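Subject: Structure handover

Hello,

Here is the structure I promised you. Please open it alongside this note.

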Amino acid sequence: MNNSTTHIFRFSPDRSFIEEAKEFLSAVEWTEPWLLGLIIFHLSWFSFILLTRKVPSVQIAAFLATLFFTFMSETLNGFGRRYWSFFSNTNYFDKRGLFISVVYGFPLLIVSLVALVNILIEVCNMMVVVKRAEMRSKLKQQKESKLEQQKEKNE
């Protein structure tokens, strides 16, 4: 555990992305209650998005809520920078917001992407239903028109 107010990871242009990611993952104490709560939140929110994927109105509301949560990342990072000692053993919150972006913002953007894809799929499905109904209506009108024409010929 690092009880200082310095940040626990530094990035270097001399190392690969994989090396940087490994250092980042090993530098974070993932057993801290607030991080476990954040992981549970992300898993719950993602599950909610998947479970409601056939309900467009819920998907749209969840999509907008997810974007709002993502928008609040900067505010949460500022809160974390000021009050980290009350809920964490280590100060993960830098001025640029790298940590909050990686553990909070990025997962929310992934969830919002999944919600958006769900919304687009449902919109496409609705378009197919509407187009089929339109084609049935036209076919019915054509049949009725032909029947009327035949009646007129027979009279």
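Below are notes on the pocket and on one helix pair.

Please keep in mind that this is a predicted model.

The pocket

The largest pocket has a volume of about 190 Å³. Ten residues line it. Nearest its centre are F17, E20, A21, F24 and V102. Where does the lining come from? Helix 1, residues 17–27, and helix 5, residues 98–154, each give at least two residues to the lining. Helix 1 has the largest share, with five residues. The lining has nine nonpolar residues and one charged residue. It has no polar ones.

The helix pair

Helix 2 spans residues 33–51, and helix 3 spans residues 56–71. How do helix 2 and helix 3 pack, and at what angle? Their axes are 10 Å apart and meet at an angle of about 155°. Angles over 145 degrees count as roughly antiparallel, so helix 2 and helix 3 are roughly antiparallel to each other. The crossing of the two is left-handed.

Which residues make the contact? On the helix 2 side they are F41, W45, F48 and I49. Helix 3 brings V58, Q59, A62, A65, T66 and F69. By class, eight residues of this contact are nonpolar and two are polar. None is charged.

Best wishes

Definitions and conventions
Residues numbered from 1 in each chain as written. Predicted model: local features only at pLDDT ≥ 70, side-chain atom pairs only at ≥ 80, totals over all residues. Heavy atoms only, no water. 1 Å grid on protein atoms, 1.4 Å probe; cavity = no way out; pocket = protein on both sides within 12 Å on 5 of 7 lines; lining within 4 Å. Points joined across faces, edges and corners; volume = space filled by probe spheres on them. Helix = DSSP H or I, 4+ residues; strand = E, 2+ residues; numbered from the N terminus. Nonpolar A, V, L, I, M, F, W, Y, C, P; charged D, E, K, R; others polar. Axes fitted to C-alpha atoms, helices over the stretch in contact; angles between N-to-C directions. Parallel < 35°, antiparallel > 145°, perpendicular 65-115°, else oblique. Left-handed = near helix turned anticlockwise from the far one by under 90°. Contact = heavy atoms within 4.5 Å.
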